[in-house]
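Please read this short report alongside the sequence and the structure. It takes up a few local features in turn.

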Amino acid sequence: MPNKPALKHYKRLRLILGDQLNAGHSWFRQKEMDTLYVLAELHQEQTYVRHHVQKICAFFCAMSHFAEALEEAGHQVLYLTLDDTANTGTLPELLGQLCARFQCTEFAYQRPDEHRLLTQLNGFSDFLRQKGQTQISVEEADTEHFLLPYSQLASYFKPGKHVRMENFYRAMRKRFDILMEGDQPLGGKWNYD
């Protein structure tokens, strides 16, 4: 399991959450020796709601294997177990400690799907400022999990306007030519409900 980074200093620290194990993400196209990828088992993620122990074990197993695969592909990886993070209260505290430890000047994360984590990571710049770590820039990246990047959602969902998911799905099928024959749905119907 990768938990001993090769270098003592990294320009960039990139966080990968347990539901962001996407080897096809653009982050991994190039090997950058000055970039450290961090995957961390966190107590806060085990306790905010009740989880079945098998779900937790499955996530940790997947994260560990992903970290190993990244390392085998030539990336710099730090994998932290629950024991490693036991004395760290929150995700921002852990990230602040890691940025200081490795003297990083850049921190990046993929946009979390969960609002609670998004709030924590969106507030990380303020957290760093309060701790006097003002030299670290913070960047949010798209997860690249979905057909439509998050930044384009606003053009489909206008504030105050009622939107039916059916219409959104049709627009996505047309745009990405999914189950379409020309400009008509494959089979002649949009759905079979």
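## Ala62 and helix H2

Ala62 has a relative accessible area of 35% and is therefore partly exposed. The model described here is a predicted one. Ala62 belongs to helix H2, which covers residues 53–72. Its C-alpha atom is 7.8 Å from that of Gly18, although Ala62 and Gly18 are 44 residues apart along the chain.

## Salt bridges around Arg12

The model has eight salt bridges. One of them joins the side chains of Glu32 and Arg12, with an N to O distance of 2.7 Å. Arg12 is buried, with a relative accessible area of 12%, whereas Glu32 is partly exposed at 22%.

Arg12 also forms a salt bridge with Asp34, where the closest N and O atoms are 3.5 Å apart. This pair again links distant parts of the chain, 22 residues apart: Arg12 in strand E1 and Asp34 in the loop between E1 and E2. Asp34 counts as partly exposed, at 31% relative accessibility. A further partner of Arg12 is Glu106, with 2.9 Å between the closest N and O atoms. Glu106 is partly exposed, with 22% relative accessibility. Through shared partners, salt bridges join Lys11, Arg12, Glu32, Asp34 and Glu106 into one network.

Which residues of helix H3 (residues 91–101) are buried? They are Leu91, Pro92, Leu94, Leu95, Gly96, Leu98 and Cys99. After H3 comes Gln103, which has a positive phi, near 55°.

Two packed helices are described by the angle between their axes and the distance between the axes. For H3 and helix H4 (residues 115–122), the axes come within 9 Å and cross at roughly 40°. H3 is therefore oblique to H4. Their crossing is right-handed.

## A nonpolar surface patch

Leu147, Ile178, Leu179 and Leu186 form a nonpolar patch on the surface. Together, these four residues have about 350 Å² of accessible area.

Where in the chain is Ile178? Ile178 is in the loop between helix H6 (165–176) and strand E6 (180–181). With a relative accessibility of 33%, Ile178 counts as partly exposed.

How values were computed. Residues are numbered from 1 along each chain as its sequence is written. This is a predicted model: local features need pLDDT of at least 70, side-chain atom pairs count only at pLDDT 80 or more; totals for chains, interfaces and linings use all residues. Side-chain values use heavy atoms; hydrogens and water are left out. Patches are made of residues with over 30% relative accessible area and no salt bridge: like charges are joined within 9 Å, nonpolar side chains (Val, Leu, Ile, Met, Phe, Trp, Tyr) within 5 Å. Accessible areas come from the Shrake-Rupley method with a 1.4 Å probe; for residues, only the protein chains shown count as cover. Helices (H or I, at least four residues) and strands (E, at least two) are DSSP runs, numbered from the N terminus. Buried means under 20% relative accessible area, exposed over 50%, partly exposed in between (1.4 Å probe, protein chains only). Axes are lines fitted to C-alpha atoms, for helices over the stretch in contact, and angles run from 0 to 180 degrees between N-to-C directions. Angles under 35 degrees count as roughly parallel, over 145 as roughly antiparallel, 65 to 115 as roughly perpendicular and the rest as oblique. A crossing is left-handed if the near helix is turned anticlockwise from the far one by less than a right angle, and right-handed if clockwise.
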